[in-house]
Amino acid sequence: MHYSKLFIPTLKESPADAEVISHKLMVRAGMIRQLASGIYSILPLGLRVLRKVEQIIREEIDQIGGQEVFLPSIQPAELWEESKRWDFYGKELLRIKDRHNREFCYGPTHEEVITDIVRKEIKSYKKLPILLYQIQTKFRDEVRPRFGIMRGREFMMKDAYSFHTDETDTQNTYHQMAQAYTNIFKRCGLEFKQVQADSGTIGGSFSHEFAVLADSGEDEIGFCEACGYASNLELAESKPPSPTAPLSSPQSLKEVETPGKKSVQEVAEFLNLPARQIVKTILFENENGLVAGLVRGDHEINPIKMKNLIGCEWLQPAGEEAMSKHPGLHCGYVGPVGLDLPVYADHEITALHDFVTGANKPSMHFTGVQVERDLKIEKVWDIRTVHANDPCPRCENGKYQIKRGIEVGHIFILGTKYSSAMKAVFLDQQGKENAMVMGCYGIGVGRTAAAAIEQNHDEKGIVWPRNLAPFQVIIIPVNYSNSDLKNVCDNIYDKLLEMGIETLLDDRADRLGGKLKDADLIGIPLQIIIGPKNLAAGQVEIKVRKTNESELRQYPQVIEDIPSILKDL
């Protein structure tokens with residue numbers, strides 16, 4: 001491709017609304033342009049990158065038996081009502097009506113559509129398992145779309161779905177898919193972690209995220225380098241406390257005045273106690289009403305863990321309206337002693353004695369609280385958020401490291417959530433009807449490309465991993481109108497194309513400095529710079545974008561050297 005023929009509208013300045021480097025550089029490099037909030041046009045250079053990601057995905061998913069389909073983006077409400085998600089999915093679901101006043105949605109995901117196809121076409125265990133996937137545009141009406149194509153409302157996604165006779169067979173495909181994802185992200189040149197994750201609105205019993213490590217990531221990842229355990233911080237396990245012997249002479253429960261002291265820090269300083277001896281009581285509401293969670297004062301409660309422990313549909317911090325129905329609750333002084341609400345406690349509470357809680361009266365706290373004697377607890381479990389340097393729950397000597405990550409892939413074992421609701425059943429060997437067991441597997445195509453930029457850039461621009469770069473080589477002549485330089489450029493260009501190497505020839509009449517800045521900005525891995533002085537000595541300059549290192553190579557031998565140079569990048 002000749003640069004003068006390619007639509008690459010580069011910019012010198014970043015857009016004012018861009019918060020992360022991938023958004024800034026994709027706009028500056030002429031890869032994307034915003035049409036509306038969270039909705040982007042993908043320009044030629046950007047599309048070449050996305051197609052590279054798609055091709056890597058196709059090759060790896062096809063390798064494990066995936067079959068590609070293309071499903072409608074507009075989906076009838078009836079399917080979503082069958083799965084009980086029409087109302088549950090919330091405002092992210094873009095609902096529309098056709099001319100006959102029938103309700104549809106623009107698909108944010110395709111569990112319902114694929115289940116409808118399979119339930120109509122597959123009736124016997126002999127046709128299972130099956131793995132179907134697509135690469136298609138989705139739409140989720142995000143409250144605050146940001147970060148360019150990393151978190152847009154409209155986005156490109158690979159979603160795959162598998163159907164099985166039982167859980168064991170589902171797990172086989174799940175592990176195959178996990179390996180395929182590992183291969184995909186390695187081929188994309190990314191540093192990533194496979195982490196335990198929450199299933200969210202998709203549902204299901206078991207899931208893992210694939211998170212690219214980057215400072216701009218919205219998620220926090222907890223992992224142990226010693227044993228390899230990794231999890232999204234929403235689910236990262238804390239190590240159970242060591243058993244403690246009961247006190248021979250525990251303190252008695254005592255009500256003490258704490259005038260105006262509400263926060264853990266204030267109460268701890270007032271009573272001259274460490275924060276770990278204060279137990280926080282956090283109120284939440286769910287579909288059944290108010291519940292309370294207990295956690296040590298130096299820790300934070302984890303709403304996802306607590307929701308999973310309770311087994312409720314949703315959980316959110318208690319609002320004023322919900323609390324107003326319980327006049328005995330006083331903000332800042334709520335405690336579990338005598339509390340007429342379901343109480344759930346973090347397992348570290350069981351190792352405490354003589355601790356402090358709110359007394360459910362203004363400016364009052366209890367001291368000398370004992371778990372067994374004074375509290376009525378529904379369940380005790382790990383419901384806190386882990387911290388850096390906490391001991392690893394899976395090995396003896398490891399400690400947690402916490403880094404930020406960008407979710408680029410997510411795999412789920414759905415079980416029979418959708419197949420039972422939508423009656424996707426098969427007949428087994430005994431002729432008995434069973435619900436199919438499902439798996440679901442997603443990759444954000446644009447998000448993967450953006451994450452690659454977050455990990456691979458410098459002050460000059462993008463530094464694409466070789467397999468994602470829009471072109472592998474860019475030829476930059478000092479003056480393309482010079483016939484000698486033009487002949488050499490054209491010869492190298494033609495030879496590289498014959499070798500199957502994607503090459504961009506910068507044939508513009510611009511100054512060399514401008515062309516070099518554009519080449520650095522768009523991030524093509526290898527630059528071949530051709531000037532009259534070097535050419536007179538039979539040489540051309542080779543520059544590696546990743547290291548910014550240059551060297552002179554003999555022409556025309558350099559043409560034969562290019563494949564091996566690229567292989568090492």
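1. A word on the model before the tour. This is a predicted model, in which local features need pLDDT of at least 70 and side-chain atom pairs count only at pLDDT 80 or more, while totals for chains, interfaces and linings use all residues. Residues are numbered from 1 along each chain as its sequence is written, and side-chain values use heavy atoms, with hydrogens and water left out.

2. Let's start with helix α5, residues 167-187. Helices (H or I, at least four residues) and strands (E, at least two) are DSSP runs, numbered from the N terminus. The 21 residues of α5 reach 30 Å from the first C-alpha to the last, close to the 30 Å expected at 1.5 Å a residue; the expected span is 1.5 Å times one less than the number of residues.

3. Now look at the two ends of α5. At its start, a side-chain oxygen of Asp166 comes to within 3.3 Å of the backbone nitrogen of Thr168. After the helix comes Gly189, with a positive phi near 75°.

4. Several residues of α5 are buried, including Tyr174, Met177, Tyr181 and Phe185. Buried means under 20% relative accessible area, exposed over 50%, and partly exposed in between (1.4 Å probe, protein chains only). An α-helix has 3.6 residues a turn, so residues three or four places apart point the same way.

5. Strand β19 (residues 364-369) is mostly covered, with six of its six residues buried. β19 pairs with β13 (residues 254-257) in the antiparallel sense over four bridges; two strands pair if DSSP finds at least two bridges between them. In this pairing, Glu255 stands opposite Phe366.

6. β19 also runs antiparallel to β18 (residues 355-358), joined by three bridges, and Gly358 has His365 as its bridge partner. Five residues lie between the strands of this hairpin, where Asn360 takes a positive phi near 60°.

7. Gln134 is worth a visit in strand β7 (residues 130-139). This residue is buried, with a relative accessible area of 0%. Its side chain makes a polar contact with that of His110 at 3.4 Å. A polar contact is a pair of N or O atoms within 3.5 Å; within protein, one must be able to donate a hydrogen and the other to accept it, and residues adjacent in sequence count only if both atoms are side-chain atoms.

8. Finally, an open sheet has three strands in the order β4-β6-β5, with antiparallel pairing. Its edge strands, β4 (74-76) and β5 (94-97), each pair on one side only. In β6, Phe104 is the bridge partner of Pro76.
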